[in-house]
Structure formats: C-alpha cells, structure tokens
Amino acid sequence: MGGAVVDDGPGSGVKAPDGGWGWAVLAGGFVITGFSYAFPKAVSVFFKELIREFGVGYSDCAWISSILLAMLYGTGPLCSVLVNRFGCRPVMMVGGLFASLGMILASFATSIIMIYLCTGVITGLGLALNFQPSLIMLNRYFSEKRPLANGLAAAGSPVALCCLSPLGQVLQYHYGWRGGFLILGGLLLNCCACGALMRPLVAPKGPSDPEREAADRELEAAKEAAAALADGKKKPKKKLLDFSVFRDRGFLIYTLAASIMVLGLFVPPVFVVSYAKELGNEDTKSSLLLTILGFIDIFARPTSGLIAGTKWMRPRTVYLFCFAMLFNGITDLVGSMATDYGGLVVFCIFFGLSYGMVGALQFEVLMAIVGTEKFSSAIGLVLLMEAIAVLVGPPGAGRLLDTTKNYKYVFLLAGSEVVLASVVIFLGNFLCLKKKSAEPEAKLEMAASAAEKEGLNSEDQREDVDEETKEDGRINGEVEKTPKEGVEKNGAVNSETSL
C-alpha cells in the first residue's frame with residue numbers, strides 16, 4: 001500500500017499542539033465549512049435559469065438545495081466509518097473529487113432528475129466527506145484554543161456565502177448556468193488541497209541513538225514473539241462506529257436538543273426575504289437583508305469562540321450555548337411582530353449575532369461532552385439525527401405558511417422550537433449531568449473509606465503479629481534457657497556421683 005499514513009486518532013496518545021501546523025488545518029477547515037454550508041444556498045442563484053431550461057417549478061428546483069443538505073447531514077455515520085477506517089486526509093481528498101465531479105457532470109444534464117443526482121447526491125456526498133473530517137482534525141489539533149479555533153472555522157460559512165452568491169450571479173450572466181456549474185466544479189477541487197493539509201498527528205521523535213534504536217527493535221521483536229505464544233486471544237478490532245456514546249447521558253441530551261433546535265434554526269433565513277417582499281419592498285432591497293445577516297454572522301462566530309475559550313467561561317460553555325439558543329429563539333419571537341423594513345433590519349442584526357453564536361458553539365459543546373476519542377462517531381450520529389429535522393423543519397414551516405398565509409406564525413413556530421431546545425439542554429445539564437458528576441465523587445469517597453478501613457485492619461493485624469512474635473520470642477528464650485539449666489544440673493549430679 002506504499003507509505004500511506006492512516007490517522008489512528010486519539011489512540012496514538014499524541015498531545016494536541018494547539019498551534020503549529022494546526023493553523024494550516026484551521027485554514028483548511030475554514031474553507032471546507034464555507035463550501036459545505038454556503039454552497040446549497042449559492043446554487044439557488046441558478047434556479048431561474050433551470051426553471052426556464054427544463055420547464056419546472058420553483059419547488060422542483062428547491063429540491064436541489066434540500067438534497068444537498070440532506071446528504072451533508074444524513075451521511076454522517078458513513079463519514080464516521082470511513083474516517084475510522086482510512087483516516088481524515090484520504091477521505092477528504094476523495095470527497096473533494098466527488099464534489100467537483102458532481103458539478104461537472106451536472107453541467108451536461110438534460111433533465112432536472114440528472115441535476116438531483118449529480119449536484120444533490122454526488123456533490124452533497126463529496127461535501128459531507130470533507131465537512132465532518134475537517135471538524136475531527138480540528139478537534140485533534142486544538143485543545144486549549146479549541147473554542148477559538150471552532151469559532152474561526154465556523155466563520156467560513158458566512159464569508160463563503162457573501163462570496164459565492166455574487167460569484168454565481170456573475171457566472172450566470174457571462175457563461176449561463178452550464179458554464180457556471182462547470183467553473184464551480186473546478187472551484188470545488190480546492191477541497192482536495194484542503195484535505196491535503198490534514199496531516200495526521202505523529203509523536204515527536206527524540207535524538208537518534210543507534211544503541212537505543214537497536215534496543216527498541218529487540219523489545220518489539222520480544223513483544224511479537226510473546227504475542228505469538230499467547231493463548232490465542234485476538235486483539236479487539238477498532239470500532240468503525242462507536243454506538244457506546246448512546247450510553248452517555250450528556251450525548252443523549254445534546255442530540256435531543258440539537259434535533260429540536262434544527263427544526264427552527266434555518267427557517268428565518270429561508271423566509272425573511274419573502275417576508276420583506278410581502279411587506280412591499282423591492283427584490284434588491286429585500287435580498288440586502290441576507291447580506292446584513294451574513295455580515296454580522298462573520299464577526300459573531302470568532303468573537304463567540306474567543307469568549308468561550310476564556311478561563312472562566314470554558315467550563316461553562318454549555319450554558320453559553322443555552323444562552324445563544326435562547327437569544328436566537330427570542331429574536332425569532334420578537335421578529336414576528338415586525339411590520340416594516342426597518343424592523344426586519346433590526347431582526348437580521350440580532351438574528352445574525354445569535355445565529356453566529358450558535359454556529360460557533362454547537363460542535364465545541366459536543367467535543368466537550370464526548371471527548372476526542374469518541375467525537376468521530378458522535379458527530380456522525382448527531383448529524384444523522386439533525387438530517388431528519390432539516391428535512392422536516394423548513395417544509396413544515398412552508399406548509400404552515402400555505403395554511404395561514406401569514407409569516408408571523410412561521411417565525412413564532414421557529415422561535416418556539418429553538419427556545420424549547422435551549423430549555424431541554426439547560427435542564428438536562430443542570431439536573432441529570434450534575435448528578436452524573438456527583439457519582440464519581442461518591443465512588444471516590446467510598447473507595448477512600450474502604451482504603452482507610454483496609455489500612456486500619458492491616459495496622460491492627462501488624463500489631464497482632466508483632467505481639468505474637470514478641471511472645472514467641474519470649475517463650476523460645478525460656479525454652480532455650482531450660483536445657484542449659486538442665487545440663488548444668490546434670491553436670492553437677494554427675495560430678496557428685498564421680499566423687
């Protein structure tokens with residue numbers, strides 16, 4: 001297989017460098033996060049051309065973005081299995097090829113179904129194979145600075161959205177949708193370059209010593225010989241998908257809260273432009289709302305990561321995450337009462353701030369709950385659960401809009417779902433996890449008391465043994481004395497007899 005290096009992950013015992021090559025990994029994660037989250041929205045720029053080309057409706061074209069998001073979230077367990085089997089770097093490079101190939105093939109499509117398969121399935125799978133491993137590598141390279149690193153990487157989403165949407169409009173104007181798809185496919189090849197940056201962590205080597213190296217080789221040979229002569233027990237295989245995370249109460253609470261949150265989190269950005277148009281604003285003026293939202297989001301994410309990484313806030317990150325969700329939900333509830341363009345601008349400012357906080361903290365909290373060793377499996381399972389919510393949330397809000405003909409109820413529903421998610425994770429952490437953390441302390445106290453009792457018993461036994469030893473010594477001394485006295489008496493008798 002050549003000299004391929006498989007990333008063994010946290011099992012190698014290598015300490016996170018918190019810098020160095022990690023900054024290159026962070027740069028790659030920034031680009032990958034931008035492509036993964038912004039690309040499904042950027043593709044919507046070409047919908048009018050696709051409607052004209054294939055004679056379909058807007059809802060038919062909207063399935064392209066839905067399939068992209070479904071693949072990004074729903075293939076989480078598959079990504080976990082591949083990463084645990086082959087490592088992050090090869091998975092990401094293959095994913096970059098898939099993402100590019102899907103867009104290139106879509107440029108030759110003759111029906112909307114072919115675009116579903118090429119752009120939705122193939123490109124969506126390629127982006128998924130890049131997004132999840134980039135988060136895993138970021139978790140391995142950063143420990144103390146991990147909240148800041150997560151915030152900076154998450155900022156790639158709004159930055160890419162601000163760049164890809166205007167780029168798509170320019171490409172459509174000059175080259176049409178086919179030429180635009182072809183150029184975007186070439187642009188996605190940068191995912192391969194980002195994947196190449198994900199160098200596996202290797203333990204640092206000390207100064208070369210021939211004698212020490214020879215001794216190490218002998219030690220390895222001895223270990224292999226001992227293993228060959230063992231009683232036939234095989235080494236347990238590494239789990240490709242660790243389902244033991246479901247035994248962690250913290251993981252279950254987080255998964256439930258995140259699934260509820262996703263039901264309403266993505267709804268306002270989807271409907272805010274249409275809401276502005278409903279109030280009688282122009283198309284250009286309405287689209288500016290998303291630009292305002294994205295601009296605030298760019299600065300909110302790294303700032304949230306910086307705050308979460310402070311010494312006082314780091315142990316309380318989960319509560320900061322609860323506040324971010326509560327802030328986002330209340331913003332939706334208040335924004336439902338907006339009656340003019342100025343009110344929607346204020347809503348987008350506060351929504352961008354809270355949305356950026358949630359985006360910067362959601363994976364940081366998961367990393368803190370499950371740890372580095374199980375993160376690759378945990379994130380895949382979480383994304384799978386969120387995929388169901390992503391497919392239900394926006395369509396359900398659209399159905400509510402069709403029924404009520406009022407955007408107010410859409411925003412009220414979205415805000416209620418996000419507020420409920422914040423309540424779930426807060427109560428779960430405060431009630432369940434506090435008890436869980438108290439259990440090890442009780443066990444330690446019991447163990448300490450048992451050790452003290454054992455120590456006291458051993459001291460008592462030692463004192464008893466010492467007393468018995470002294471008693472035996474005293475008795476033995478008397479016994480030894482007795483024969484001597486007998487000999488002396490016998491000697492005296494014999495002397496008297498001889499006389």
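## Briefing: core, cavity and helices

The largest nonpolar core has 119 residues, and Phe39, Ile115, Phe321, Leu366 and Ile425 touch the most other members. Helix H15 (residues 341-404) gives this core the most, with 25 residues. A nonpolar core here is a set of buried Ala, Val, Leu, Ile, Met, Phe, Trp, Tyr and Cys residues joined through side-chain atoms within 4.5 Å. Keep in mind that this is a predicted model: local features need pLDDT of at least 70, side-chain atom pairs count only at pLDDT 80 or more, and totals for chains, interfaces and linings use all residues. Residues are numbered from 1 along each chain as its sequence is written, and side-chain values use heavy atoms, with hydrogens and water left out.

**The chain overall**

- The protein chain has 16 helices and 0 strands; these are DSSP runs (helices H or I, at least four residues; strands E, at least two), numbered from the N terminus.
- Of its 499 residues, 44% count as buried, where buried means under 20% relative accessible area, exposed over 50% and partly exposed in between (1.4 Å probe, protein chains only).
- Take the contacts between residues at least 6 apart in sequence, and 86% of them join residues at least 24 apart; a contact means heavy atoms within 4.5 Å.

**Around the core**

- Ile115, one of the core residues with the most member contacts, is in contact with Leu50, Phe54, Ile64, Ala106, Ala109, Gly120, Trp177 and Phe181, leaving aside neighbours within four places in sequence.
- Two of those partners, Leu50 and Phe54, turn up again in helix H2 (residues 47-54), where they are buried along with Phe47.
- The buried residues of H2 line one face of the helix, because seen down its axis they fall within an arc of 60 degrees; the arc is that of the directions from the helix axis to the C-beta atoms.
- Lys48 and Arg52 are exposed on the face of H2 turned away from its buried side.

**The cavity**

- The count comes to 1 cavity of 30 Å³ or more, and the largest cavity has a volume of about 110 Å³.
- For the method: on a 1 Å grid over the protein atoms alone, a cavity is a set of points where a 1.4 Å probe fits but cannot get out, and lining residues have an atom within 4 Å of a point. Grid points are joined across faces, edges and corners, and the volume is the space filled by probe spheres set on the points.
- The lining of the largest cavity is made up of Thr33, Tyr37, Phe131, Leu135, Asn150, Ala153, Ala154, Arg301, Gly359, Ala360, Gln362 and Phe363.
- Helix H1 (22-42), helix H6 (112-141), helix H7 (146-154) and H15 each give two or more residues to that lining, and H15 supplies the largest share, 4 residues.
- By type, the lining divides into 7 nonpolar, 4 polar and 1 charged, with Ala, Val, Leu, Ile, Met, Phe, Trp, Tyr, Cys and Pro counted as nonpolar, Asp, Glu, Lys and Arg as charged, and the others, Gly among them, as polar.

**Helix H4**

- In helix H4 (residues 76-86), the buried residues are Gly76, Pro77, Cys79, Ser80, Val83 and Asn84.
- They cover an arc of only 160 degrees around the axis, so they sit on the same side of H4.
- Gly87 follows H4, and its phi is positive, near 100 degrees.

**Single residues worth a click**

- Asn139 is in helix H6 and counts as buried at 3% relative accessibility.
- Beyond its neighbours within four places in sequence, Asn139 is in contact with Arg146, Met367, Gly371, Thr372 and Phe375.
- Pro166 has its place in helix H8 (residues 156-187) and counts as partly exposed, at 39% relative accessibility.
- Pro166 and Val45 are 121 residues apart in sequence, yet 8.7 Å apart in space, C-alpha to C-alpha.
- Leu290, found in helix H13 (residues 283-308), is partly exposed at 34% relative accessibility.
- Leaving aside neighbours within four places in sequence, Leu290 is in contact with Pro269, Val272 and Val273.
- Lys405 lies in the loop between H15 and helix H16 (407-498), and it counts as exposed at 65% relative accessibility.
- Phi of Lys405 is near 60 degrees, a positive value in a residue other than glycine.

Conventions. On a 1 Å grid over the protein atoms alone, a cavity is a set of points where a 1.4 Å probe fits but cannot get out, and a pocket is an open set with protein on both sides within 12 Å along at least five of seven lines; lining residues have an atom within 4 Å of a point.
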